[in-house]
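This report is meant for a reader who is meeting the structure for the first time. It begins with one local detail, then turns to the chain as a whole and to a few of its residues.

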Amino acid sequence: MKALYIMKQDVFDLVYPAEVRQGIEEKAEVYAPPLTTDDVLKNPSILKDVEVIFSGWGAPKLDKAFLDAAPNLKALFYAAGSIKQVATDESWDRNIIITNAADANAIPVAEFTISQILFCLKNGWQFVRGIQQAKSFPPKPFDIVGGYGSTVGIISLSMVGRHVIRLLKAYDMKVLTYDPFVTEEDANQLGVTLCSLEDIFKQSDLVSLHTPLLKETVGMITGEHFDLMKQNASFINTARGAIVREQEMVDVLKRRDDITAVLDVTDPEPPEKDSPLYTLSNVVLTPHLAGSEGTECGRMGAYMLAEYERFLKSEPLQWQVTREQFKVMA
């Protein structure tokens, strides 16, 4: 099939490393060098023959003008997560197949989360800042929860949330979860206990947020939730900053320095220069690091190669997004 690569070029080699490109180009006729969306907008005639597009971050929007220029397009293989800026009513109306690598991108987020869960349950960040201030080690025995028998709260059984739960099975922890769309049967199969959002914060030694950003979830986590947290509990956010009412969170963190917040996402991102998130001793900021970075990006391209192979064999696609799914996706 006639194919094009269209995406941001500064990450192209990471997302589609040489071995993945070789696999694609053995099964598709890539008839132009990798392009950006701007390249295509300047020369839409290049789309005349394209049947499949391999893309990623910086993908083109599949609007009427684009699709009119690409009358033979059958599928977009999107080696990234959200397709909110890519799919349109026009693309669904024309039955363009769209498949993405959200699951591949969820894996490093879950791995990052697990690293922080284990470290935070040891009160690791509290020890780091305490040692820096005291320039000495505290005496043992340490007053920590630790991993064994602790309670971890997972907010939302999203793709990332489910990956985290699967990884947590290797540890002796109780897992609570809040997700209004999950049944007791589904929770039982995952080995987790459903409870209210308030109980997640009341009962957990650590709370990890994995809720998709939708208009219904903006500001979902409030200061009252942080006030409910156990002594020395931790909060991890690898979802989106806007899901948390940031000022309310900051107000609680100022009053309760026993709580640690590990924030890989903020709103805005990065925080404003005068944000207290930079100076609060019980806040750990990371620069939206949890998702695919470096060689991890190649997994997303590999997912799309595998999808294309299924597509050629007329097999069901594993990661295809339907119009109905798109309506409730982040």
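Which residue follows H7, and what is its phi? In this predicted model, Lys-135 comes after H7, and the phi of Lys-135 is positive, near 55°.

**The chain as a whole**

The chain is built from 14 helices and twelve strands. Its radius of gyration is 22 Å, close to the 20 Å that the globule rule gives for 330 residues, so the chain is as compact as a globular protein of that length. Taken along the principal axes, the box filled by the C-alpha atoms is roughly 70 × 45 × 35 Å. Of the 330 residues, 51% count as buried, while the chain exposes about 15900 Å², of which carbon and sulfur atoms supply 53%.

**Helix H7 and its neighbours**

Helix H7 spans residues 124-134, and its buried residues are Gly-124, Gln-126 and Arg-129. These buried residues pack against helix H6 (102-121) and against strand S11 (260-263).

| Residue | Relative accessible area | State |
|---|---|---|
| Ser-292 | 4% | buried |
| Tyr-148 | 71% | exposed |

Why does Ser-292 count as buried? Its relative accessible area is 4%, and buried means under 20%, so Ser-292 falls within that class. Ser-292 belongs to the loop between strand S12 (283-285) and helix H13 (298-312). Leaving aside residues up to four places away in sequence, Ser-292 touches Trp-57, Ala-104, Asn-105, Pro-108, Cys-297 and Met-300. With one of these, Asn-105, the side chain of Ser-292 also forms a polar contact of 2.8 Å, side chain to side chain.

Tyr-148, for its part, sits in the loop between H7 and strand S6 (151-155). Because exposed means over 50% relative accessible area, Tyr-148 counts as exposed at 71%. Between Tyr-148 and Lys-174 there are 9.1 Å in space, C-alpha to C-alpha, although the two are 26 residues apart in sequence.

How values were computed
Residues are numbered from 1 along each chain as its sequence is written. This is a predicted model: local features need pLDDT of at least 70, side-chain atom pairs count only at pLDDT 80 or more; totals for chains, interfaces and linings use all residues. Side-chain values use heavy atoms; hydrogens and water are left out. Helices (H or I, at least four residues) and strands (E, at least two) are DSSP runs, numbered from the N terminus. The radius of gyration is taken over C-alpha atoms; the globule rule is 2.2 Å times the number of residues to the power 0.38. Buried means under 20% relative accessible area, exposed over 50%, partly exposed in between (1.4 Å probe, protein chains only). Accessible areas come from the Shrake-Rupley method with a 1.4 Å probe; for residues, only the protein chains shown count as cover. A polar contact is a pair of N or O atoms within 3.5 Å; within protein, one must be able to donate a hydrogen and the other to accept it, and residues adjacent in sequence count only if both atoms are side-chain atoms. Contact means heavy atoms within 4.5 Å.
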